[in-house]
Amino acid sequence: DALVNNAALGHEGVLPNVDEVTIDAMLSVNLKAPLLLARACARQMLLKERGAIINIVSVAAMRGVAGLSVYSATKAALVGMTQSLARELGPRGIRVNAVAPGYLETDMSASLSEDARARIVRRTPLGRLGKTDDIVPWIEMLLSPAAGFMTGQVLVIDGGASV
């Protein structure tokens, strides 16, 4: 009854220096896989006329981030997918939303330099990187009946960094 598309590859580098193999890998994991999973799950959800799909995107989808053009593009495409699927599947009782976390303490952010980490923290009004525990309750809410009238939305959870 639910799908949370969360897998992603990140690669930092300005676009002229990103090789095609890396671009293909990011497109495959960050965009093609969520499309295929959504298609498979939506088929089953349509039979039951209910369900919820949540795409984990990123604040990078909402605003440009230097050095993350491919990652940002894949996540922005998921925003478009979220909104289109909300219109396609909503009439059949299936809700589709996205969550756009800011920088979190994850394996992906572990490679940040201390300077980069300090810059991000300075730009974040709440003064820290997020934790997965900051995101999970919102995903649970979007999966719950409490979000029964919410679809096609992108919930930004970034400690205020995008304000």
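Asp1 counts as exposed, at 51% relative accessibility (exposed is over 50% relative accessible area, buried under 20%, partly exposed in between; 1.4 Å probe, protein chains only). The model is predicted: local features need pLDDT of at least 70, side-chain atom pairs count only at pLDDT 80 or more, and totals for chains, interfaces and linings use all residues. Numbering runs from 1 along each chain as its sequence is written, and side-chain values use heavy atoms, without hydrogens and water.

**View A. Asp1 and Arg50 form a salt bridge.** The N to O distance is 3.4 Å (cut-off: a side-chain nitrogen of Lys or Arg within 4 Å of a carboxyl oxygen of Asp or Glu). Asp1 sits in the segment before β1, Arg50 in the loop between α1 and β2 (51-56), 49 residues apart. Arg50 is partly exposed at 42%.

**View B. Lys48 also pairs with Asp1, at 3.4 Å, N to O.** Lys48 belongs to helix α1 (residues 20-48) and lies 47 residues from Asp1. Helices (H or I, at least four residues) and strands (E, at least two) are DSSP runs, numbered from the N terminus. Lys48 is partly exposed, at 47%.

**View C. Glu49 meets Arg92 in a salt bridge of 3.2 Å, N to O.** Glu49 lies in the loop between α1 and β2, Arg92 in the loop between α3 (69-89) and β3 (94-101), so the pair ties together parts 43 residues apart in sequence. Glu49 is partly exposed at 48%. Arg92 is partly exposed at 36%. Elsewhere, shared partners join Asp1, Lys48 and Arg50 into one salt-bridge network.
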